[in-house]
Amino acid sequence: MNETVTEESPDGARTVTNKPVGWLRRNIRGLVAVVVLLPVTLGIMFATQWISYFEGWPSRPVNVRAGDTLEYGNARWHIEGFDRVLGDSAAGRERDLPAGTDLLVVTVLVDPTGTGPDGVPDLCAVRLEESGADTPTRRWSNGGAISLDGALSAHTSCSSEVSTRYTFDAEFVIPTDAGESSAFSVDIYVEDALPEYASFALD
Amino acid sequence: MNLKTPRWRHAANGAALVAILSAAAIVLHTTPDRDLQQSPISVPGSLGEPATGRNIRATVHSVAVTEAVTAGTGWAGGTPGVWVVVNLSVEAVETDEMAILGTALLRVGDTHFSASTRPGRTATVVGGRLATGIPLTGPLMFEVPADVASSTSAADATLEFAISSDPRVDSLLVVPVDLGDLPVQESLDVDVPEWGAR
């Protein structure tokens with residue numbers, strides 16, 4: 001491909017020449033298209049994959065200070081209190097706690113009245129999270145793997161049948177060193193509200 | 001005006017093409033294949049010492065070879081071979097969600113043996129749910145042909161543990177055991193799995 005170039009000399013004479021066009025100039029449009037479209041395509045592919053990945057599990061915490069109430073899903077949620085049952089205490093022996101463990105009981109108030117489109121109570125999952133600056137984050141699910149003797153509450157998790165205010169006791173068997181140099185929070189999430197989940201600080 | 005492409009440009013293009021193809025060939029032949037990309041991440045351990053992976057920590061306390069074993073639940077298992085009985089503590093490190101001892105293998109040479117589920121779900125720790133930071137201690141039983149347990153490969157046997165039945169792209173704890181060095185006991189009684197610190 002050639003390019004017509006007109007040059008004018010100081011005495012006013014014009015010279016028209018036919019110069020070959022460089023490879024870069026000939027292909028500049030295609031190169032710009034590649035430079036723009038390649039990252040955009042890769043970005044869309046990565047975003048699609050990662051967004052759908054994060055949407056499927058509780059990945060976006062809504063932090064709630066101790067004592068505060070949060071409207072989340074089809075209910076209002078509030079931590080009424082918590083109690084740490086030491087493994088070597090009378091209450092701990094009564095529950096048959098394994099050696100080197102304590103029991104953390106968190107009482108959660110659920111008020112499903114007047115929220116949501118049809119007032120249908122949510123099922124939920126509850127987990128305890130331990131996080132500290134110098135310690136790795138650890139999590140325990142409500143109930144967990146260890147079966148204990150006795151029961152403290154009529155409800156041990158959310159109920160899809162109770163549509164009035166109720167409380168349940170979430171129970172976590174934890175090592176005795178848990179919480180020594182770290183803070184606890186209780187995470188509550190319902191399937192329909194993912195990826196957001198409520199993260200209540202325990203003080 | 002000469003519009004003909006100079007010869008050195010042709011040579012340069014050829015050289016560039018050869019360089020690109022060579023680089024592509026090197027990348028193609030040195031890039032890990034799919035199996036290697038997805039292979040488990042081995043964490044070496046040793047007898048009596050805890051080995052820690054991403055979400056699993058395990059300690060092999062003892063290994064025994066026996067002709068008959070009786071579980072803490074009362075189950076007694078006969079075998080035409082021998083039992084390799086392992087006493088193990090295992091716990092989750094980060095979270096107990098989806099945490100089970102899904103992989104418990106004894107590898108002798110090129111052959112691997114899964115921990116037996118014959119004794120029942122409550123008699124051994126295989127397939128059991130794990131707790132974060134709280135060890136579950138109990139037996140694993142591997143049913144092994146007698147000639148395998150006494151083969152030369154038995155000296156370099158390994159125990160392998162992982163948090164799921166598919167340990168790809170996750171930690172695989174690998175603990176070497178010398179089965180050839182162990183006497184074959186006539187019988188062995190083991191306890192039921194127990195939670196908590198030993």
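Visitor: What distance separates the centres of domain 1 and domain 2 of chain A?
Guide: This is a predicted model, where local features need pLDDT of at least 70, side-chain atom pairs count only at pLDDT 80 or more, and totals for chains, interfaces and linings use all residues. Residues are numbered from 1 along each chain as its sequence is written, with chains lettered from A and ligands numbered from 1 in the order in which they are written. Chain A is divided into domain 1 (2–55) and domain 2 (63–201), with bounds from an automatic or database domain assignment. Taken over C-alpha atoms, their centres are separated by 59 Å.

Visitor: What is the radius of gyration of chain A, and what does the globule rule give?
Guide: The C-alpha atoms of chain A fill a box of roughly 110 × 45 × 30 Å along the principal axes. The globule rule is 2.2 Å times the number of residues to the power 0.38, and the radius is taken over C-alpha atoms. Chain A is more spread out than a compact globule, because for its 203 residues the rule gives 17 Å and the radius of gyration is well over that, at 31 Å.

Visitor: Which strands stand at the edges of the open five-stranded sheet in chain A?
Guide: Strands here are DSSP runs (E, at least two residues; helices are H or I, at least four), numbered from the N terminus, and two strands pair if DSSP finds at least two bridges between them. The sheet's order is E3-E11-E10-E7-E8, with mixed pairing. Two strands have a single partner each, so one side of each is left without a neighbour in the sheet: E3 (60–64) and E8 (138–141).

Visitor: Which residue is the bridge partner of A:Pro61 in E11(A)?
Guide: E3(A) pairs with strand E11 (residues 196–201) of chain A in the parallel sense, over five bridges. For A:Pro61, the partner in E11(A) is A:Tyr197.

Visitor: Which element gives the largest share of the side of chain A that touches chain B?
Guide: Counting a contact when C-beta atoms, placed from the backbone, lie within 7 Å, 17 residues of chain A are in contact with 14 residues of chain B. Two elements give two or more residues to chain A's side, strand E9 (166–175) and E8. The largest share, four residues, comes from E8(A).

Visitor: How many helices and strands does chain A have?
Guide: Along the sequence, the pattern reads β-β-α-α-β-β-β-α-β-β-β-β-β-β. For chain A that comes to three helices and eleven strands.

How values were computed: Contact = placed C-beta atoms within 7 Å.
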